[in-house]
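Me: I would like to go through a two-chain model feature by feature. Please give the general idea each time, and then the case at hand.

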Amino acid sequence: MAQATNPIRPEGAPSNTAGQGAGPRYDGRPAKQYLRLLTPVTSRQAAYYGVAGAFLFFLIWEAGHYLTPEGSQRFLPSPQIVVGTMVRLTVEKNYLADVGISLARVLISFFAACAIAVPLGVFMGCFANMRAFINPVFSGARYLPAASFIPLLLVWFGPTDTQKLALLFLGVIFFLVALILDNTEAVEKSLVEAALTMGASRSQIVMGVVVRAASPAIVDSMRNMIAVSWTYLVIEEIVAAQDGIGAVMMRAGRFLKVDIIMAGILTIGILGVLTDIAFRLLSYYLFPWNRKRPG
Amino acid sequence: MSDDATLAIEVQNVTRRYMGGKFTAVDDISLDVPEAQVCAFVGPSGCGKTTMLRMLAGLEEPTEGSIVTYGRPVLGPGPDRGMVFQAYTSFPWLTALQNVEYGMKILGVPKAEREAKARKWLEEVHLSQAANSYPSELSGGMKQRVAIARTLAQNPTVLLLDEPFGALDAQVRWEMQEMMIEIFEVERKTTVLVTHDVQEAIYLADRIVFYTRTPGKVKQDILMDFKNGQRFRQKEELLAQPGYIDMERQLFAWMREEIQGT
C-alpha cells in the first residue's frame, strides 16, 4: 500500500471504514491529494518540485519567445539565445572580468558592512543603554533611500570605486545592524543567567554565550541581506559605471541588444543563488549543533 | 536539626518591590537555612517564591534587607550558589560533556581534570551514553540532567533549584526526583527547591516554607518530621509513611486557602 495520503490521519490509524452507518464513508483508498496540510516534503521531493518549477519557468519563457511575432522576437530572446550570448560575451568580450568586478564590489562592501554591523548589533543587543543611545539614529537611517545618496557620493568621490563601494555599504549597513540587534536580543535570557550563576565574566558571556547562541541567526541575516547588496549593485552600475555587469547591460540597452541585457539579469540571478548557497553551506559546517534533524 | 548547626543561608527582612514600589513581590521575609538542609519554597503562582530564589542566586537585588550565605553577603551571582533553571539552559553549541565542563572551565580547572570530572558527573546523572550529543538531540529530562551535572560539577555550597522538573512529563519528573534523592544522599548539599508541586516538595524536602500569594510572605514554615530524617529511594516508600497523607492534605488545604483568597 502506498503512503497515507490523508490530510491528517497517519497510515494505520483507525479510519471511519465502511459499514458504520451514517456519515461520509471512508473506503480505505484515500484520494490523491497534492495540497496536504501539515505535510513536510523530503529533500528529494523538494528537489523534484524545484526542478519542475524551474523547467516550467523556462518553458513559459520559451513559449513567450515563439508566440511573439517574428519581427519582434529579438525583444524577447529565448533561453538558448540568452545562454548563447553569455558564452559569446565570455569568449569574445572578456565578460568574466566584468562579472569579477561586480562580484568584488558586492563582497568587499558587504563584508565591510558586516565588520561594523555585527559588533555594533551585538553590542546594542547586550547593553540596553547603548541600544538607547545608538539605535534611534541607525534605525531612522533605514528610511533614507540609499539610491538618493548616489548624487552626494558622486560629488564627494567622483565616479570611482570608492563611490560604488560606499553606496553598496550604505545600502545594507543600517538593515544589517537592525537584524543583528534582533538576533542578539532573541538569545534566551536564561542562557545568560545560567552563565552568570556559574561565575562567567561579562566578556565571557558576550563572546562565549551571546555571540555563540546568536551566530546561526546572524549568518542567516547576512545571507538575506547580501541579496539586497546585489540589488544596489545594479542600480549603481547602471547609473555610474564603466565596468561591471550593470554597465555591460546599460551599454547593450542603448543598442537594443535585449539578449545581452537578459544575459546580465540571468548572471546576477545565478551569482545571487550561488552566494545564498555559500552562506547556507557556511552555516551548515560552522554550526553542526544547529542542523535540522529529521523527525 | 541541632541549634548549633552551621547556617548556610541567612535571609533578613528581605523585601522586593517592582514598578517603583507599586508592586510588592516579596514582603519582609526572614529565614535561615542550616547546612545540608533541603528546603522547599512552595506556594501558588505569583507568590514570590521564584523571586526569593533569584535573590538568593544574586540575579535580582532585594529592595530592602540582606541575604548572607556562609557568612558572605550576596551581592551578585556567583559559582558558590549553583542554580538549575526550569527553562533548558544547556548551551546548544556544546555537547553534554562540554556543557558539564563549561562551569569548571570558568573556574579555571585544567582540561584533563575537568573532562574526567565531567564524565563522572554524567555517570552520576545517568547520562554517560549521551556525552557527545548536542542538546538538540536530547529529551527535556536529559537536558535537565545535563544542567544538574553542570551545576554540581562546580561544587557549589548552595544548590538552587527553580522548578527544575516543571516542564517535564510526569514519568520523567518522577525519575528525576528519585535521582535527586540519590544526589542529596551523596552530596549533602544545602538546597533550596522552588516548586508548586506539593508531592514533589514533600518527597524531596526536609522542610517546607509555604508562601502566601501577593505579597509573598511566609505563611507556614514546617519540618517534614514524619520522615524521621530519612530519604526514600523509592517514592512509594514515602507514600506508605504514616503522616504522609496528613502532610499532603495540609499543604493542599493551604494552597486552596491562598488560591481562593480566604
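This is a predicted model: local features need pLDDT of at least 70, side-chain atom pairs count only at pLDDT 80 or more; totals for chains, interfaces and linings use all residues.

Me: How many helices and strands does chain A have?

Reply: Helices (H or I, at least four residues) and strands (E, at least two) are DSSP runs, numbered from the N terminus. Chain A has ten helices and zero strands. Read from the N terminus, its elements run α-α-α-α-α-α-α-α-α-α.

Me: What share of the residues of chain A is buried?

Reply: Buried means under 20% relative accessible area, exposed over 50%, and partly exposed in between (1.4 Å probe, protein chains only). By that rule 36% of the 295 residues of chain A are buried. An exposed case is F55(A), with a relative accessible area of 57%; F55(A) lies in helix 1 of chain A. Its C-alpha atom is separated by 43 Å from that of E188(A), 133 residues apart along the chain.

Me: What do the contacts in chain A say about sequence separation?

Reply: Contact means heavy atoms within 4.5 Å. Among contacts in chain A between residues at least 6 apart in sequence, 68% join residues at least 24 apart.

Me: How is the span of helix 10 of chain A checked?

Reply: The expected span of a helix is 1.5 Å times one less than its number of residues. Helix 10 of chain A (residues 258-286) has 29 residues and should span 42 Å; its end C-alpha atoms are 42 Å apart, which agrees. Its buried residues include D259(A), I260(A), A263(A), L271(A) and F279(A). The buried residues of this helix pack against helix 1 (43-67), helix 2, helix 3, helix 8 and helix 9 (245-254) of chain A.

Me: Which residues does T85(A) touch?

Reply: Not counting residues up to four places away in sequence, T85(A) touches D259(A), I260(A) and A263(A). T85(A) is found in helix 2 (residues 79-92) of chain A and counts as buried at 2% relative accessibility. A polar contact is a pair of N or O atoms within 3.5 Å; within protein, one must be able to donate a hydrogen and the other to accept it, and residues adjacent in sequence count only if both atoms are side-chain atoms. The side chains of T85(A) and D259(A) make such a contact, at 2.9 Å.

Me: How much area do chain A and chain B bury between them?

Reply: The size of an interface is often given as the accessible area lost when the parts come together. Buried area here is the accessible area (1.4 Å probe) that two parts lose on being put together, summed over both. Chain A and chain B bury about 1,800 Å² between them, 68% of it on carbon and sulfur atoms. In chain A, T197(A), M198(A) and W289(A) lose the most area to chain B, together 39% of what that side buries. The contact takes 18 residues from chain A and 24 residues from chain B.

Me: Which polar links cross the interface of chain A and chain B?

Reply: Side chains of opposite charge can pair when their charged atoms come close. A salt bridge is a side-chain nitrogen of Lys or Arg within 4 Å of a carboxyl oxygen of Asp or Glu. The rule finds one salt bridge across this interface: E193(A) with R54(B), the closest N and O atoms being 2.6 Å apart. Three residue pairs (both at pLDDT 80 or more) are in polar contact between the chains. Helix 7 of chain A gives the largest share of the side of chain A that touches chain B, seven residues.

Me: How many salt bridges are there over all chains?

Reply: The whole structure has 27. In one of them, R105(A) pairs with E237(A), the closest N and O atoms being 2.7 Å apart. R105(A) lies in helix 3 (residues 95-126) and E237(A) in helix 8 of chain A, so the pair ties together parts that are 132 residues apart in sequence. R105(A) counts as buried at 5% relative accessibility, and E237(A) at 0%.

How values were computed: Residues are numbered from 1 along each chain as its sequence is written. Chains are lettered from A and ligands numbered from 1 in the order in which they are written. Side-chain values use heavy atoms; hydrogens and water are left out.
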